[in-house]
Amino acid sequence: MEVVEGTGKHYYSDTELDRTEGEGIEALKERSQQPIPDPDRWLEEELQRNILLTSVDAIINWARRTSIWPAICFPACCAFEFIATSASRFDIDRFGMGILRASPRQADLMITAGTLTWKMAPQVKRIYEQMAEPKWVIAMGACGISGGIFRSSYNVVPGYNRIVPVDVYVPGCPPRPEALLYGIQMLRKKIAKIPNELSLPPLLTEKK
Ligand code: SF4
């Protein structure tokens, strides 16, 4: 090995490189004398050595809060903040929320991103009623919470909580994506605390 003065760089001869490579290969050969066992057997051994204790409630609530699927229901300008939240800079995929559902039957979260008029209210209520149980609602923006700057208008619903139950309120006009993400985290905490016997489907709560 030579060190070039002034640069601190090291240069190896071809012989040295060959020897180093050969030593690495010999070390690998030394460690590889026995065939690697079937991975399934590893897993069995790992399970025998470890015990994981949890409750059914905790597992169900964990699955729910890590796979929340929002319904597409964005009647006005707050929708653009939600779109920004869904894009790469803010990334709601980390919450398992990356897929917006066009069908309410496959969705369990309604984010009310926009002003709601009384004319649209029956449709939004129907979307909520068609969503799968259990389901949640985030009221996003001043309009979603109270009608916002249009509250005194004859045609604006003064808050989505007049027609659907709201779980989390995210204030702002419009709220920034960071605020919506904070609201989503609050909802996840709420889902984590759902009592199990109320949340289980009938089949799992039947007495034996
Ligand atoms: S809160 Fe503001 S940004 Fe959001 S829908 Fe209402 S007016 Fe538009």
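This is a predicted model: local features need pLDDT of at least 70, side-chain atom pairs count only at pLDDT 80 or more; totals for chains, interfaces and linings use all residues.
D91 is partly exposed, at 32% relative accessible area. I found D91 in the loop between helix 4 and strand 4. Its phi is positive, about 65 degrees, although D91 is not a glycine. I flagged that because most residues other than glycine have a negative phi.

**A102, in that loop**

I then looked up A102, which sits in the loop between helix 4 (78-86) and strand 4. Buried or exposed? I asked this of A102. A102 counts as exposed, at 71% relative accessibility. I also checked A102 against A71. They are 31 residues apart along the chain, yet their C-alpha atoms are separated by 6.3 Å.

**Cis peptides**

Next I listed cis peptide bonds. One joins E133 and P134, with omega at about -10 degrees. P134 is in the loop between helix 5 and strand 5. Another joins C173 and P174, and there too omega is about -10 degrees. P174 lies in the loop between strand 6 and helix 7. I noted these bonds because most peptide bonds are trans.

**Chain totals**

I turned to the whole chain. The secondary structure comes to 9 helices and 6 strands. The chain has 208 residues, and 33% of them count as buried. I took the accessible surface as about 14200 Å². Carbon and sulfur atoms hold 58% of that surface.

**Helix 4**

Which residues of helix 4 are buried? I found C78, A79, E81, F82 and T85. Seen down the helix axis, they fall within an arc of 160 degrees, so they line one face of helix 4. I then asked what covers the buried residues of helix 4. The cover includes strand 3 (70-71), strand 4, strand 5, helix 6 and helix 7.

**Helix 5**

**Cysteines**

How many disulfides does the whole structure hold? My search found 0. C78 is buried at 8% relative accessible area. C143 is buried as well, at 11% relative accessibility.

**Salt bridges**

I counted 6 salt bridges in the structure. I wrote up several.

R19 pairs with E23, and the closest N and O atoms are 3.9 Å apart. The cut-off is 4 Å, so I kept the pair. R19 and E23 are 4 residues apart in helix 1, and so about one helical turn separates them. R19 counts as partly exposed, at 49% relative accessibility.

K190 pairs with D167, with 3.1 Å between the closest N and O atoms. K190 lies in helix 7 (residues 177-192), while D167 is in the loop between helix 6 (141-146) and strand 6 (168-170). The pair therefore ties together parts that are 23 residues apart in sequence. I read off 38% relative accessibility for K190, which counts as partly exposed. D167 is also partly exposed, at 23%.

R176 and E178 meet through their side chains in a salt bridge, at 3.2 Å from N to O. R176 is partly exposed at 48% relative accessibility. E178 is partly exposed at 40%.

I placed L17 in helix 1, residues 14-31. L17 is partly exposed, with a relative accessible area of 46%. Patch members need over 30% relative accessible area, so L17 clears that cut-off at 46%.

Notes:
Residues are numbered from 1 along each chain as its sequence is written. Side-chain values use heavy atoms; hydrogens and water are left out. A disulfide is a pair of cysteine sulfur atoms within 2.5 Å. Buried means under 20% relative accessible area, exposed over 50%, partly exposed in between (1.4 Å probe, protein chains only). Helices (H or I, at least four residues) and strands (E, at least two) are DSSP runs, numbered from the N terminus. Accessible areas come from the Shrake-Rupley method with a 1.4 Å probe; for residues, only the protein chains shown count as cover. The arc is that of the directions from the helix axis to the C-beta atoms. Contact means heavy atoms within 4.5 Å.
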